[in-house]
Amino acid sequence: MIFHDCTHYSFFKNRRANEIVGIITGLFTFCSYEQWKHSHSLHHATNGHLDKRGDGDVWTMTLQEYAGASVLKRVWYRIYRNPFIMFIIGPLYLFLISYRFNRKKATKKEKRHVWMTNIVLLFVVLVLGFTLGWKAFLLVELPIFYIASFGGVWLFYVQHQFEDGYFESGENWDYVEAALKGSSYYKLPKLLQWFSGNIGFHHVHHLNSRVPNYYLEKAHKSDPSLQDVPTLTLWTSLKSLTFKLWDEKSKRFIGNREIHRFIRG
C-alpha cells in the first residue's frame, strides 16, 4: 500500500519523496514503479468504462459479447476467469513474469525502470540465494511472496467484481458514478483492514486517489453519502467467485446458470 500510494503521489506531500520511496518499495513488491504507475492510472481513468477495457483491469466480457464470440475465445475467457487460474496461477504469472517485460508503447523512462528493476531484483535474489542457501531463501521468500501477491490480486478483483457493479459506455459513463458504484467498500476485520492499508475503502480511493491510505477511513466517515455504497464482507465477497459476465440489460454480474439459460435461449 505504501508503494501503491506513492504511484498516486499521495503517501507524501513531496512528489520527489513519493518517487524515491515508490522505486524502493517497488523492489519489495517485484514491481517497476513507472510501469505500475502507468497501468494503474489507466485503471482509475477507465474503471467501469465498457469502451475502454483492457488496460490495468480484470478482463470482463458482457453477456452479449460472449454470446457472439467464437468457441475459442469463450474457452480462453473461461480459463482466464477460473478461480484456480486467476488466484493460484495468476499472481505468480503476474508478478514473476508479466511485470518483467515492457508494454508495446512504453516510454523510454518506463522501459529503463523495468530493466533496472529486473537487474536489481536478479542481483538481490542471487546474493541471498548464494549466501543464505537456496533452500532457506526459497522456504522463507516464496510463502511471503505468494500470500502477498494472492492478497493483492484478490483485493483488486473483489473490489470491482461484485453483483451490482457499474459498467457504462460512451457518454453514459461517469467518473463519480464509477467510483461510488463500481468500487466496493470491503468491510474487513480491523486486523485485515490494517494489513491491507485501508484499501477496503476503495470507493473513497477511486473518488480521490490523492487521499493517502491512512486517511481513507476518516474520509469515509466524514460524509454520509460515502457510506451509502456497495458494501462487502469477507463472507459475501466469496460470491464474486461465481460471477463471469456483465449483463448490460440487468446492469449486474451473472454466473454460469444465467449464461447457459441465455445461450440456450
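Q: Is tryptophan 36 buried or exposed, and how do I read that from its relative accessible area?
A: The general idea is to compare the value with a cut-off: under 20% relative accessible area means buried. In this predicted model, tryptophan 36 has a relative accessible area of 16%, so it is buried.

Q: What about phenylalanine 3?
A: Phenylalanine 3 counts as buried too, at 6% relative accessibility.

Q: How many aromatic pairs does the structure hold?
A: There are 24 aromatic pairs. One of them joins phenylalanine 3 and tryptophan 36, with 5.4 Å centre to centre and 55 degrees between the planes, a tilted arrangement.

Q: Why does that pair tie together separate parts of the sequence?
A: Look at where each partner lies. Phenylalanine 3 belongs to helix H1 (residues 2–7) and tryptophan 36 to helix H3 (residues 33–46), so their contact links parts that are 33 residues apart in sequence.

Q: Which geometry do phenylalanine 87 and tyrosine 157 show?
A: For the angle, planes over 60 degrees apart count as edge-to-face. Phenylalanine 87 and tyrosine 157 form an edge-to-face pair, with 85 degrees between the planes and 5.2 Å centre to centre. Phenylalanine 87 sits in helix H6 (residues 83–97) and tyrosine 157 in helix H8 (residues 134–158), so this pair ties together parts that are 70 residues apart in sequence. Both residues are buried.

Notes. Residues numbered from 1 in each chain as written. Predicted model: local features only at pLDDT ≥ 70, side-chain atom pairs only at ≥ 80, totals over all residues. Heavy atoms only, no water. Phe/Tyr/Trp six-rings, centres within 6.5 Å; stacked < 30°, edge-to-face > 60°. Helix = DSSP H or I, 4+ residues; strand = E, 2+ residues; numbered from the N terminus. Buried < 20%, exposed > 50% of the residue type's maximum accessible area, 1.4 Å probe, protein only.
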